[in-house]
Amino acid sequence: MKALLVPKGQAESLRKQLLKAGYMDIRRKVKVRGDDLEIPVTDTIPPEFSPFPCIQQEEPEYYENAGFLHDQMQKYLEEDGLDLLPGGWQILGDVVIVTLHPDLYPVRSELGDALLTMHPYCRSVYLDEGIEGELRQPNRELIAAQDGVDNPALAIHTENVCRFKLDVTKVMFSKGNLNERIRMGKLGRGEVVVDMFAGIGYFTIHMAVHARPARIIAIELNPESYRFLVENIKLNHVEDIVEPVQGDCAKKTPVSVADRVVMGYGGNTHHYLPQAIRALKPGGVLHYHEIVPEKLMPDRSFERIHSKAREQGRKAEILNWHRVKKYSPGVWHVVFDAMIDGDN
Ligand SMILES: C[S@@+](CC[C@H](N)C(=O)[O-])C[C@H]1O[C@@H](n2cnc3c(N)ncnc32)[C@H](O)[C@@H]1O
């Protein structure tokens, strides 16, 4: 586990910078080592972020771990209930998101309080009951909040120096897509990019902040997500790059303008392939996401991309594909990179 070794006098300002940039590992405690402090950092921290030596912590100390939850919940649950306790949860900004076995619902507020004790810098805890519908909207219930907290659902989540403002009861934020977001942040320099399913700017913000394309046209249908997309463009100071477009990408996707098209969607993405291909200039690259049963991987998606390109008299070349995350048993979220050649 990585940590920066920092003289005590300089630790507080660096800790604030690390928190702001999203490189602070907030699960682990800052440790004293002689005249220095070991400040825990995430694996994504770039070497050039700080001049201080980056070490591997021998004995990392964690804030209360799941064991603490078990101890805390003993007064409310029998042994079989304790066995159902969650082993992990998501922290978005300063909001905890937890999924619970239905048998634990009767003690959800006590469990929420225990999680707040474990994460004292967090403001609220939400019970996650899944993501629904075409607009991928979460179903979440507030189960605990610090006293006097207003707007417990509002979070500003920072990762890889990108800041995302969101309402956790209105829009999703998939932690499983982190690596894919960071990968997209390395693509698109100087290009015209169309993000057809932009959401609150999951890929768009990473690309705009790190790769600096010439222009990103970010299309989003859901008014709630669109509102946060506009806020996140300002929050990350990328107004000069990102043009937010509210509406259906089936109608709003421009023609023959893009060097790169991102289709970061888990619904019937293949229905939107014609618009995506038509948006690409010759030699442009498509990032096509799909939820695929393992037995149909990768051929069904290859065939969908090739046939839609052929229908437009164009040629698709699959550059690479990889699994982004497991979606459900035997089903994967996969992304396919394809170059589309030939004129529109
Ligand atoms: C699943 S989210 C994006 C997830 C994102 N790729 C990530 O990394 O977490 C898909 C977004 O597409 C939006 N969407 C769905 N159908 C759309 C359409 N026809 N046009 C534009 N946006 C659409 C949804 O509202 C949602 O915000």
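# Exercises on the domains and the ligand

In this predicted model, 32 Å separate the C-alpha centres of domain 2 and domain 3.

**Exercise 1.** State into which domains the chain is divided, and how many residues of domain 2 are in contact with domain 3.

Solution. Begin with the division of the chain: domain 1 covers 2-56, domain 2 covers 65-152 and domain 3 covers 172-340. Next, take the contacts, where heavy atoms must lie within 4.5 Å. On this basis, 9 residues of domain 2 touch 9 residues of domain 3.

**Exercise 2.** Work out where the ligand lies relative to domain 2 and domain 3.

Solution. First look at the shell: 20 residues surround the ligand, and Asn-177, Glu-220, Asp-248, Cys-249 and Gly-264 are the closest. By type, the shell has 10 nonpolar, 6 polar and 4 charged residues. Then ask which domains supply them. Both domain 2 (65-152) and domain 3 (172-340) give residues to this shell, so the ligand lies between them.

**Exercise 3.** Find the distances from nitrogen atoms of the ligand to N or O atoms of Cys-249, Gly-264 and Tyr-272, and state how much of the ligand the protein covers.

Solution. Start with the backbone. An N or O atom there lies 2.9 Å from a ligand nitrogen in Cys-249, and likewise 2.9 Å in Gly-264. Turn to the side chain of Tyr-272: one of its N or O atoms is 3.4 Å from a nitrogen atom of the ligand. Finally, the ligand on its own has 590 Å² of accessible area, of which the protein covers 97%.

Technical notes: Residues are numbered from 1 along each chain as its sequence is written. This is a predicted model: local features need pLDDT of at least 70, side-chain atom pairs count only at pLDDT 80 or more; totals for chains, interfaces and linings use all residues. Side-chain values use heavy atoms; hydrogens and water are left out. A residue is near a molecule or strand if one of its heavy atoms lies within 4 Å of it. A polar contact is a pair of N or O atoms within 3.5 Å; within protein, one must be able to donate a hydrogen and the other to accept it, and residues adjacent in sequence count only if both atoms are side-chain atoms. Accessible areas come from the Shrake-Rupley method with a 1.4 Å probe; for residues, only the protein chains shown count as cover. Ala, Val, Leu, Ile, Met, Phe, Trp, Tyr, Cys and Pro count as nonpolar, Asp, Glu, Lys and Arg as charged, and the others, Gly among them, as polar. Domain bounds come from an automatic or database domain assignment.
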